[in-house]
Amino acid sequence: MLSKIQKLVAEAVGREISPVIQVSAEEKFGDYTTPVALSLAKTIKRPPLEIAEEIAAKLRAAPGSNQFKKIEVTAPGFINFHLSDQALESALAEITKSGAKWGRPETKTRATVIIDYSSPNIAKPMSVGHLRSTIIGAALYNIFKFSGWKTIGDNHLGDWGRQFGILIAAWKDWQKINGEKREVVINDLMRLYVDYNALMKEDAKLEERARLETKKLQDGDLENTKLWKRFYKISLAEFQKIYALLGIKFDHSYGESHYQKMLGTIVSDAVQKGVAVRSEGAVIIPVPGKAPLVIQKSDEAFLYGTTDIATVKQRVTRWKPSLILYVIGNEQALHLEQLFYAVKQLGLISKQKLAHVKFGLILGEDLKKLSTRAGKHIALDEVIYEAIERAKKVTSGKRPDLSPGEHDKIAKVVGIAALKYNDLSQNRQSDIAFHWDKMLNLEGNSAPYIMYTYARLKSVLRKAGFPRKANFSLLNQDSERALIKKLIQFPDVITGVLQTYFPHQLADYLYELTKLANYFYQTEPILQAEPAVMNARLKLISAAAQTIKTSLALLGISALEKM
RNA sequence: GCCCUUGUAGCUUAAUGGAUAAAGCAGGACUCUUCUAAGGUCUUGAUGGGGGUUCGAUUCCCUCCGAGGGCACCA
């Protein structure tokens, strides 16, 4: 709808502009509004009201204006569009017809996007910090895919590098003392890693050993490779458990190790092209105004910057994307700036857009970073189980007609949904202080609220049977109109997220839609209404339920039919 | 010192430069002889300070104050 109006306005203005169109803040200003006359006033040097009236007159005469019952000008020069009853009715008909496809942007694309998300480090358990990348990335993945993009999700596992040197060194020490008596689990690896890190700070010799083990691994040493594979397997199995719980999937999980064979060439090519230079024994790519990107250490080992360049190279040649999204924390902003600059200089990308979808950290309640190294750590699986437990407490008090098995299932879905929604409903760029109660909120603006609304609507639909043909002109209550108008906005919201990479815009919309659906449910009887009205209302709540379901699915949340 | 992010109600958050700053939680008052009260209605309460640009600033610029993160051989 926004783009339709934008086109109309641009034609009426008769200039090469893309005027700002927005949903009106208040009913008295119509359904959509544009301040285009206000912004034109300066360049044309005429009073904005006069310009607005002139544009409005042209708009009223334009062929596309039959969708509006009124096009009005209000001071100081806004042009407001009031949708006609007929426009609402035909829109609802279209929404009903589109079903699960409702929301797809009108402009089609066949472009490819690669989304790099989750990307945990092997040998460390996943912490709450990884939740954000995983959930935000998955939501963006769903939204792009839904919108017709060829979408590739790649979990860029941190499965190479110095952390393994540290772990291998620590492991060898541990083994000397303890032998191999029992099975190694992920927590053992973490403890080894944390302890060694602490010791390393005081003993430079340990640090040197870790460096040597890293180098040996990179040079293909047999023993270290074997250990690496072993640690890799342990970690991956652990990650899979969490991904299964969260319902997250990837198209690929090429870790950093996958690119190791390319690294030598990357560096020599960079040097040959004159993009990289030697400095203090290392090979660097200078970045204007920033620290340089080191691509080879003075001991000739490679770094994650080198791997990241190789990754871009492979992704571009293999998948020919027009967009690559890096869903990575704000703390990596500098590294990604360096990387984006480097691949451009190297000619690996030209028209392709690379974007850092940054997000704030999850901080401790003391507002300090939760780092594995510092031993401060909140395990992700622990948070997930707690979420389910809390949901269970709420669930068990309701619906005595459902079996304990159903309650368990509901609690699992609701708990995880609440966790995801809490993250996705906030602007990703701000830091989050970790509070159990906030994180696992089950009331108010939360996933359970939305899911509950959906379940109620579905319950009515089940009781009514399949709605037959309906006359939408019978939907003339305020609560009905408001709901239809909100439904119409859905594709515009999706389009917005594709541009901003802010999933919370969708969450926000979903919440507003849900509130309107609830209000309607509360104020107008559906099954008790006279048959013709009932049919129209059934169609309406069917459209609302579908849109809620689609939105939840895009956020990675499954809607329950009963709860 | 430089760079990134950030400061909105008691708390947690929303608002592509637009109209009277929007919600949730917490507090107060109502509401199940209609379809799920995990609901609905009403109510108290906010843009860190100071400048500037603009018809219009929570949004952009400057400055001060506060918070988190990062600044080549970790990832």
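**View 1. Strand 7 and strand 8 run antiparallel and are joined by three bridges.** Helices and strands here are DSSP runs, numbered from the N terminus; a helix is H or I with at least four residues, and a strand is E with at least two. Two strands pair if DSSP finds at least two bridges between them. This is a predicted model: local features need pLDDT of at least 70, side-chain atom pairs count only at pLDDT 80 or more, and totals for chains, interfaces and linings use all residues. Residues are numbered from 1 along each chain as its sequence is written, while chains are lettered from A and ligands numbered from 1 in the order in which they are written. Find S279 first: its bridge partner in strand 8 is A282. Strand 7 covers 277-279 and strand 8 covers 282-285. Their hairpin has two residues between the strands.

**View 2. E280 sits in the loop between strand 7 and strand 8.** Is E280 buried or exposed? A residue is buried if 20 or more other C-beta atoms lie within 10 Å of its own, exposed if 12 or fewer, and partly exposed in between, with C-beta atoms placed from the backbone. E280 counts as exposed because it has 7 C-beta neighbours inside 10 Å.

**View 3. Strand 8 also pairs with strand 9, in the antiparallel sense, over three bridges.** Look for I285, whose bridge partner in strand 9 is L293. Strand 9 spans 293-296, and E300 lies in the loop between strand 9 and helix 11 (304-319). E300 has a phi near 75°, a positive value in a residue other than glycine. E300 has 14 other C-beta atoms within 10 Å, so E300 is partly exposed.

**View 4. Four strands form an open sheet in the order 1-2-4-3, with antiparallel pairing.** Which strands stand at the edges? Strand 1 (22-23) and strand 3 do; each has a single partner strand, so one side of each is left without a neighbour in the sheet. Strands of a sheet pair through backbone hydrogen bonds, either parallel or antiparallel. Strand 1 and strand 2 (residues 32-34) run antiparallel and are joined by two bridges. At Q22, the bridge partner in strand 2 is T33.

**View 5. A cis peptide bond joins A75 and P76.** Omega of this bond is about 0°. Where is P76 found? P76 is in the loop that links strand 3 (68-74) to strand 4 (78-83).

View 6. Chain A is divided into domain 1 (2-83), domain 2 (84-105 + 443-563) and domain 3 (113-363). These bounds come from an automatic or database domain assignment. The centres of domain 1 and domain 2, taken over C-alpha atoms, are 28 Å apart. Seven residues from domain 1 and seven residues from domain 2 make the contact. Two residues are in contact if their C-beta atoms, placed from the backbone, lie within 7 Å. On the domain 1 side, four residues are nonpolar, one is polar and two are charged. Ala, Val, Leu, Ile, Met, Phe, Trp, Tyr, Cys and Pro count as nonpolar, Asp, Glu, Lys and Arg as charged, and the others, Gly among them, as polar.

View 7. The surface near RNA strand B holds 35 nonpolar, 29 polar and 19 charged residues. Helix 16 (residues 447-464) gives the most to this surface, with eight residues.

**View 8. K463 lies in helix 16.** K463 counts as exposed because it has 10 C-beta neighbours inside 10 Å. How far apart in space are K463 and I186? They are 50 Å apart, C-alpha to C-alpha, and 277 residues apart in sequence.

**View 9. Chain A as a whole has 20 helices and 13 strands.** The C-alpha trace spans about 80 × 65 × 40 Å along its principal axes. Of its 563 residues, 44% count as buried. The average pLDDT (the predictor's confidence in each residue, from 0 to 100) is 91 for chain A, and 98% of the residues score at least 70. The model scores ipTM 0.94 and pTM 0.93.
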